[in-house]
Amino acid sequence: MTIITSSGSRVQTNGWQRVLQQAIRNTRELGDALGLELPETGTDFGLLVPRPFLSRMKPGDPRDPLLLQVLIQEAENVSVAGYSGDPLQEQAATGETGLQPDRPRGLLQKYQGRVLVVTTGACAINCRYCFRRHFPYQDYQPDRRAWEQIIAQIRADSSLTEVILSGGDPLVMNDRFLADLAAQLAGITHITTLRIHTRLPVVIPQRVCDELIAWISTLPLQVVIVTHINHGNEIDSDVITAMGRLAQAGATLLNQSVLLKDINDDADTLTDLSQQLFKAGILPYYLHLLDPVDGAAHFDTSEKRARALMRSLTSRLPGYLVPRLVREVPGTDAKQLRFPG
Ligand code: SF4
């Protein structure tokens with residue numbers, strides 16, 4: 001389908017891109033859709049809510065756990081000691097404008113054996129607690145030259161086995177680009193695994209389109225898709241269908257969640273989340289303690305409470321449905337396991 005943009009140019013879109021364009025971008029519209037009067041708060045990290053995600057919120061409920069993940073709160077503008085713009089010190093770990101000038105723009109290595117590529121700064125949803133909410137994507141996003149350097153550097157480093165596409169959300173990129181990138185990575189003999197960190201199949205299940213399935217199912221690499229789901233209400237029948245297609249295409253499906261005050265910081269909610277994930281064919285992988293990013297302090301849950309929740313989950317769920325409680329600590333060689341501990 002061809003649409004005319006606000007600047008008057010013609011662009012080709014397919015289903016998921018149309019859904020993305022129709023996302024809600026201001027608080028008043030969100031309030032109208034839910035029958036709520038929501039506070040309008042200024043911020044430089046705007047509101048972005050795709051309609052499939054909106055459809056899973058309960059109208060009239062200002063405490064809806066999906067709404068609280070996307071609603072701009074006055075608390076975001078309060079500065080809190082210990083919180084910063086770059087809590088994981090990623091800008092020092094990435095190339096060109098960072099402290100490792102030998103690494104191309106967008107390529108980031110935190111751990112041995114795997115590299116992460118900041119594919120794009122764009123997302124299909126703006127999560128208020130996002131640790132990259134202040135990340136200067138414009139300085140780190142690879143351009144054409146940087147992509148060539150990234151591929152060359154991955155090819156030259158035989159200690160690497162896995163490439164992680166992150167962002168932003170890498171599935172915002174079109175499938176022609178992704179299929180070409182994946183094929184180049186598959187041509188590097190020491191690369192065995194392509195991992196994709198994405199929230200798109202959850203917030204816009206239409207993203208799991210025929211084109212995506214076509215390149216994933218024929219890729220001669222192990223594909224791991226790490227979704228990001230924080231609450232069982234995020235999983236509806238469309239998400240289950242989308243995940244089923246990805247699994248049929250050969251992808252391994254894992255999930256990471258963030259422990260968020262008033263959203264999922266109770267044992268019943270986390271138990272239900274694990275069970276809903278399993279119904280969708282996804283295994284719980286990590287439960288992250290909140291990264292101390294400016295504007296997100298009101299989501300913080302203490303480590304003591306997090307451990308108590310983990311004890312409860314361990315007694316209620318089979319081991320394969322209990323996520324690992326972790327905190328990311330800059331400069332360490334792996335995520336820090338916080339339970340048991
Ligand atoms: S989808 Fe991921 S990268 Fe994008 S805003 Fe949400 S948490 Fe951040």
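## Nonpolar cores

A nonpolar core is a set of buried Ala, Val, Leu, Ile, Met, Phe, Trp, Tyr and Cys residues joined through side-chain atoms within 4.5 Å. Buried stands for under 20% relative accessible area, exposed for over 50%, and partly exposed for values in between (1.4 Å probe, protein chains only). This is a predicted model, in which local features need pLDDT of at least 70 and side-chain atom pairs count only at pLDDT 80 or more, while totals for chains, interfaces and linings use all residues. Residues are numbered from 1 along each chain as its sequence is written, and side-chain values use heavy atoms, with hydrogens and water left out.

The largest nonpolar core has 93 residues, and Leu30, Ile154 and Leu194 touch the most other members. At least three residues of this core come from each of domain 1 (2-77) and domain 2 (90-337). A second, separate core holds seven residues, among them Leu116, Phe135, Tyr140 and Ile164.

## Two domains

The protein is divided into domain 1 (2-77) and domain 2 (90-337), with bounds from an automatic or database domain assignment. Their centres, taken over C-alpha atoms, are separated by 22 Å. In domain 1, 24 residues are in contact (heavy atoms within 4.5 Å) with 33 residues of domain 2.

## Contacts of Leu194

Not counting residues up to four places away in sequence, Leu194 touches residues including Val163, Leu165, Trp215 and Val224.

## Helix α11

Phe278 is found in helix α11 (residues 267-279); helices (H or I, at least four residues) are DSSP runs, numbered from the N terminus. Phe278 is partly exposed, at 42% relative accessible area.

Conventions. Helix = DSSP H or I, 4+ residues; strand = E, 2+ residues; numbered from the N terminus.
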